[in-house]
Amino acid sequence: MSLDQAEPAAPAAAGPSPRKPGRRDGGATGLLGRGRRSGRWWTPWLFLAPALLLFLYFKFIPMANALTMSFQEVQPYLGNKWVGTDNYATVLQSHGFRTAAWHTVVLAAGQTAGSMALGLALALLMEGQSRRLKVVRSAAFLPVVVPLAVVAELWRIMYHPTGDGMLNSLLAMVGMGPSGFINDPDTSMASIMLTGVWRGAPYDMMIIFAGLTSVDRGLYEAAKVDGASRWQRVWHVAVPGLRSVFSILFILAAIRGLRVFTEVFLLTNGGPDGSTEVVMTLIYKLGLEQNRLGVGAAGAVLLFAATLVLTVVVQLLRRRESK
């Protein structure tokens, strides 16, 4: 038989047509996939549930109770009396509260600026991959992990006002007279501010150090080729690259400064002569020492509102700059 007379080949057995990409699968596999996808939404919440319950019981419920108490005259065992906004009027009209608010703003501004500036300097000095630098960075971070009560007691010893005190001995070596530090109304605020900067700068250093890793090294090389000095490279390359990091640090440091309590309470308790009285120490005295819980709660709500407004304003400014 010639090739021209060859019988045609039998057609292939008809089978299922290949499924087009994106076509829905109505079989068991498709149902199982949809079931898995639809059942995953609660998995993160399951892991977060213990922490959320703790936050609810120890934070959010007390916050709601404090907000309610701020509108009441709290009388333990006698029943609370609704007074409306009288507690807020008492707080805002109080000369002591205005003074404490001013001290809080000054302390927060000083600690924020000082810790961010010192943290940037430390991060630039310790930038690198050397093993020795890792040890130095770990040692510099120790003030953050040390309990604040220990830090306050350490600085109390260093601030001993006599001539043989540690810091006064150092001042005597450079020909300066002894200082009262936390015992002198003229230097007490600066002394507490120095303690806060010493403790907050290492925390800012680590965040800035992490931000420096995202700065393009090519920009440093280009600036160096153009003849820029080290300071110019830092100011025109590193600082603009850390703008988002600075905004985050500003929020964290400002909140930390507005809520300052422990170091002030342990070092001076608002003294001497009220020169270091801040909002948190005043709220503590009103609520727990004078038993004016309603007025203290109103002060706490005002402090929370100020912190919230500051955070929102900074976030809005960040969004406006990013557009």
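**Packing in a predicted protein chain**

Visitor: What percentage of the 323 residues in the protein chain do buried residues make up?

Guide: This is a predicted model, in which local features need pLDDT of at least 70 and side-chain atom pairs count only at pLDDT 80 or more, while totals for chains, interfaces and linings use all residues. Residues are numbered from 1 along each chain as its sequence is written, and side-chain values use heavy atoms, with hydrogens and water left out. A residue is called buried under 20% relative accessible area, exposed over 50% and partly exposed in between, using a 1.4 Å probe and protein chains only. By that rule, the buried part of the 323 residues in the protein chain is 31%.

Visitor: How many helices and how many strands does the protein chain have?

Guide: Helices (H or I, at least four residues) and strands (E, at least two) are DSSP runs, numbered from the N terminus. Counted this way, the protein chain has 15 helices and two strands.

Visitor: How are H3 and H4 oriented to each other?

Guide: Axes here are lines fitted to C-alpha atoms, for helices over the stretch in contact, and angles run from 0 to 180 degrees between N-to-C directions. Helix H3 (residues 86-93) packs against helix H4 (residues 95-125) at an angle of about 65°, their axes being 5 Å apart. Angles under 35 degrees count as roughly parallel, over 145 as roughly antiparallel, 65 to 115 as roughly perpendicular and the rest as oblique, and H3 and H4 are therefore roughly perpendicular.

Visitor: Which residues of H4 make the contact with H3?

Guide: Contact means heavy atoms within 4.5 Å. On the H3 side the contact is made by Val-91, Leu-92 and Gln-93, and on the H4 side by His-95, Phe-97 and Arg-98.

Visitor: On which side of H3 do the buried residues lie, the same or opposite?

Guide: The buried residues in H3 are Asn-87, Tyr-88 and Val-91. Taking the directions from the helix axis to the C-beta atoms, they cover an arc of only 95° around the axis, so they lie on the same side of H3.

Visitor: How many aromatic pairs are there?

Guide: Rings of Phe, Tyr and Trp (its six-membered ring) pair if their centres lie within 6.5 Å, and planes under 30 degrees apart count as stacked, over 60 as edge-to-face and the rest as tilted. By this rule the count of aromatic pairs is eleven.

Visitor: What kind of pair do Phe-71 and Trp-82 form?

Guide: Phe-71 is partly exposed at a relative accessible area of 23%, whereas Trp-82 is exposed at 58%. Their ring centres are 5.6 Å apart and their planes stand at 15°, so the pair is stacked.

Visitor: Is Ser-188 buried or exposed?

Guide: Ser-188 lies in helix H9 (residues 188-212). Leaving aside neighbours within four places in sequence, Ser-188 is in contact with Phe-181, Ile-182, Gly-271, Pro-272, Ser-275 and Thr-276. Because its relative accessibility is 0%, Ser-188 counts as buried.

Visitor: How far apart in space are Leu-148 and Arg-199, C-alpha to C-alpha?

Guide: Leu-148 lies in helix H7 (residues 148-158) and is partly exposed, with 22% relative accessibility. Not counting residues up to four places away in sequence, Leu-148 touches Arg-199, Thr-262 and Glu-263. Although Leu-148 and Arg-199 are 51 residues apart in sequence, their C-alpha to C-alpha distance in space is 8.7 Å.
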